[in-house]
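Hi,

Here is the structure I promised to send over. Have a look at it first, and then read my notes below.

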Amino acid sequence: MSQDLMTMLNQAFEEATKLYQKRGFQRRVGFGKKPALVSVDLANAWTRPGNPFTCDQEQMDNEIIPGMQKLLKAFRAAKLPVIHVTTAYEITDRNAPFTDMGLWHNKIPVDAVNLADKELWAIDSRIAPVEGEYTLLKKRASSFHGTELAGILRANGVDTILVTGVTACACVRQTICDGIADGFRTIAVKECIGDRVPGAVAWNLFDIDAKFGDVESVDRCVDYLNTIGQSQS
């Protein structure tokens, strides 16, 4: 992101913070007793070059993937739930009389992620699921909309979700909004959230922190997970 753009965004954030705090926004939802990791769309179509959905590769390789590796190590050590979310469609012919793409293909190229090409929607090998972790296939922006996610989390006693992935302005944001609406404490992991458009991550994280969840660093989240792991040992 250009320094000029970041400077302008920081100025906007400073003014918005004054307004929000004066009106009682930016409260803390806090960490709960049992977290799960919900990793949104960190699949090859988003994490690798050459796809319409490809995200910022510098951030992906130098921040998001390393941050995810830290989080996964902590979640696995504490034996806490991990859900990898991906997106793909079975009927990608836009002229078909029936398709699982709904109307979304009229706005964005979801037809590029065909269920038949598993490599596209497979979770990036650098953060691949291990035994005991769940991969959830969604069709819409939110990981909750029309999926089994909320039921799985409740059945496993989860009260907090640490949300990572892409994109900040769409699937991550919608997952966080639906997460808090469904009664989960929502934590956005700052270094593990990306996008395609300069400024989109910074603006959305600022707005999420004001209204829908707490934005926390990877290190802060790992400290929290380590504390839970110690209490269970």
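**What turned up**

Lys138 sits in strand β3 (residues 134-138); strands here are DSSP runs of E with at least two residues, helices are runs of H or I with at least four, and both are numbered from the N terminus. Bear in mind that this is a predicted model, where local features need pLDDT of at least 70, side-chain atom pairs count only at pLDDT 80 or more, and totals for chains, interfaces and linings use all residues. Residues are numbered from 1 along each chain as its sequence is written, and side-chain values use heavy atoms, with hydrogens and water left out.

Back to Lys138: it is buried, at 0% relative accessible area (buried is under 20%, exposed over 50%, partly exposed in between, with a 1.4 Å probe and protein chains only). Its side chain makes a polar contact of 3.1 Å with that of Asp41 (a pair of N or O atoms within 3.5 Å; within protein, one must be able to donate a hydrogen and the other to accept it, and residues adjacent in sequence count only if both atoms are side-chain atoms). Beyond four places in sequence, the contacts of Lys138 (heavy atoms within 4.5 Å) include Thr86, Ser143 and Cys171.

Most residues other than glycine have a negative phi, and most peptide bonds are trans.

- Gln26, not a glycine, has a positive phi of about 65 degrees; Gln26 is in the loop between α1 and β1 and is buried at 16%.
- Lys79, also not a glycine, has a positive phi of about 55 degrees; Lys79 is in the loop between α3 and β2 and is exposed at 72%.
- The Val166 to Thr167 peptide bond is cis, with omega near -5 degrees, and Thr167 lies in the loop between β4 and α6.

Cheers
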